[in-house]
Amino acid sequence: MHKNLMRILALLLGFALFAAACGDDDAGDTADGDTADWPEKITFGFVPSQDQATLQDNIDPFITVLEDALGIEVEGVVTTDYTGLVTSMGTDQTDLGAFGPFGYTLGKDQFGNIEPLIQSVRFGSATYHGQWFTNDSSICEEGTLNEGTALENVDGEIVQVPALEAVALQVGVEFGDDGPQAGKVNENGDEIGPGWSCIADLSVVEGGTVAFTTETSTSGYLFPALELTNLGIDPATGITPVFTGGHDAAVTAVYDGSADFGLSFDDARSTIEDVSPDVGEKVIVFSITDEIPNDVVAVRTDLPESLKDAIYTAIEDYLATDEGEAVFDEIYSWTDIAPANDADFDIVREAATALGITEPPE
């Protein structure tokens with residue numbers, strides 16, 4: 001009897017040690033798979049569509065959430081422009097990055113070691129457009145200058161719609177419990193005026209000073225420059241091009257009168273609405289570009305597939321929270337994400353080829 005009891009205790013002890021050993025082996029696993037081949041740290045690059053220091057502050061809460069979800073260190077880095085992020089990704093100094101569509105295609109086609117992971121979605125749309133704006137309302141076609149309006153592409157034509165019905169959140173509009181609503185106020189309590197738009201012939205820009213963003217911006221240069229080329233206006237000599245370095249700077253250049261016309265994503269006027277609550281009235285949108293695939297998060301192709309999946313899930317889950325929704329609204333105005341497909345960016349490659357731009361500008 002005593003020997004049988006000893007055998008049972010020995011078996012129980014052995015089982016306990018086996019279970020403990022199995023538990024140690026599972027320490028590197030997650031519900032989605034083995035994490036043993038994950039790096040100890042990854043670097044996530046961002047390109048500012050707003051003030052660089054402000055963007056760094058805005059991404060910090062997201063980086064903390066991503067670290068907690070993945071269980072590894074995540075460093076968030078804000079680069080000065082798309083070219084810097086493309087080079088950093090291509091030379092394996094950065095593991096993933098949030099790109100504009102042209103920046104992504106440049107990196108993918110130049111270095112090859114990059115693949116798209118996440119397609120951003122804004123208010124249900126996976127595309128957006130660039131907007132042309134001016135401080136001169138005299139260019140507007142008669143009867144088309146209207147307060148609280150925006151422009152949209154509908155069945156291949158540019159049409160004017162109420163600002164509250166625009167896909168992108170317009171200047172002076174905020175997203176409330178019942179959807180977009182006017183009457184937004186800035187940090188000083190001043191009401192931000194509604195945006196104005198009109199319809200005008202794009203050829204009016206010939207001979208004027210045009211504030212672009214950067215040469216690698218799809219909405220801030222690439223698509224608009226192709227539009228000018230198709231109209232027979234040389235974007236280098238038919239106008240006076242000025243590269244301001246950012247969407248907010250392009251809006252500011254037209255607002256303060258240092259440029260006649262400007263380009264940005266729709267609706268970058270909101271980037272300066274806190275300091276200039278009348279920007280929607282003084283900077284008038286008069287045309288828009290064709291639709292462009294939204295920005296994308298790209299990753300190094302040699303990262304473990306389980307890590308790519310975990311990054312996607314972590315961002316998707318965070319966006320589903322009130323905090324995540326607010327943070328991504330501040331960073332890039334994302335409202336949702338979807339799996340990205342490289343073929344969706346062929347339209348951007350075609351535009352770059354038509355302009356003869358196949359490498360990042362120096």
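## Overview of the chain

A residue is called buried when its relative accessible area is under 20%, exposed when that area is over 50%, and partly exposed in between. In this predicted model, 48% of the 362 residues of the chain count as buried. The accessible surface of the chain amounts to about 16800 Å², of which carbon and sulfur atoms supply 50%.

The chain holds ten helices and 21 strands. Among its contacts with a separation of 6 or more, 75% are made by residues 24 or more positions apart.

The model contains two cavities of 30 Å³ or more. Sorted by class, the lining of the largest cavity comprises four nonpolar, three polar and two charged residues.

The second largest cavity has a volume of about 30 Å³. Around the second largest cavity stand F44, F46, F62, A98, V297, I315, F328, Y332 and W334. This lining has nine nonpolar residues, no polar residues and no charged residues.

## Helix α9

Helix α9 spans residues 322-331, and its buried residues are G324, V327, F328 and I331. Seen down the axis of α9, these buried residues fall within an arc of 90 degrees, so they line one face of the helix. An α-helix has 3.6 residues a turn, so residues three or four places apart point the same way. F328 is also one of the residues that line the second largest cavity. Just after α9, S333 adopts a positive phi of about 65 degrees.

## Helix α10

In helix α10, which covers residues 346-355, the buried residues are V348, R349, A351 and A352. Viewed down the axis of α10, they lie within an arc of 160 degrees, so they line one face of the helix. On the other side of α10, the residues E350, T353 and A354 are exposed.

After α10 comes G356, with a positive phi near 75 degrees.

## Backbone features in the loops

Most residues other than glycine have a negative phi, and most peptide bonds are trans. The peptide bond from D266 to D267 is cis, with omega near 5 degrees.

F123 is not a glycine, yet its phi is positive, at about 50 degrees. This residue sits in the loop between β6 (114-121) and β7 (127-128). With a relative accessible area of 31%, F123 is partly exposed, because that value lies between the limits of 20% and 50%. D155 likewise has a positive phi of about 50 degrees without being a glycine. The loop that holds D155 runs between β10 and β11 (157-162). D155 counts as exposed, at 78% relative accessibility.

T144 lies in the loop between β8 (130-134) and β9 (146-147). Apart from neighbours within four places in sequence, T144 is in contact with Q160, S197, C198 and I199.

D336 is located in strand β21, which spans residues 336-339. Its relative accessible area is 39%, so D336 is partly exposed. How far apart in space are D336 and S120, C-alpha to C-alpha? The distance is 6.3 Å, although D336 and S120 are 216 residues apart in sequence. Setting aside neighbours within four places in sequence, D336 is in contact with Q119, S120, V121 and L319.

Terms used:
Residues numbered from 1 in each chain as written. Predicted model: local features only at pLDDT ≥ 70, side-chain atom pairs only at ≥ 80, totals over all residues. Heavy atoms only, no water. 1 Å grid on protein atoms, 1.4 Å probe; cavity = no way out; pocket = protein on both sides within 12 Å on 5 of 7 lines; lining within 4 Å. Points joined across faces, edges and corners; volume = space filled by probe spheres on them. Nonpolar A, V, L, I, M, F, W, Y, C, P; charged D, E, K, R; others polar. Helix = DSSP H or I, 4+ residues; strand = E, 2+ residues; numbered from the N terminus. Buried < 20%, exposed > 50% of the residue type's maximum accessible area, 1.4 Å probe, protein only. Contact = heavy atoms within 4.5 Å. Areas by Shrake-Rupley, 256 points an atom, 1.4 Å probe, with all protein chains shown as cover. Arc of directions from axis to C-beta.
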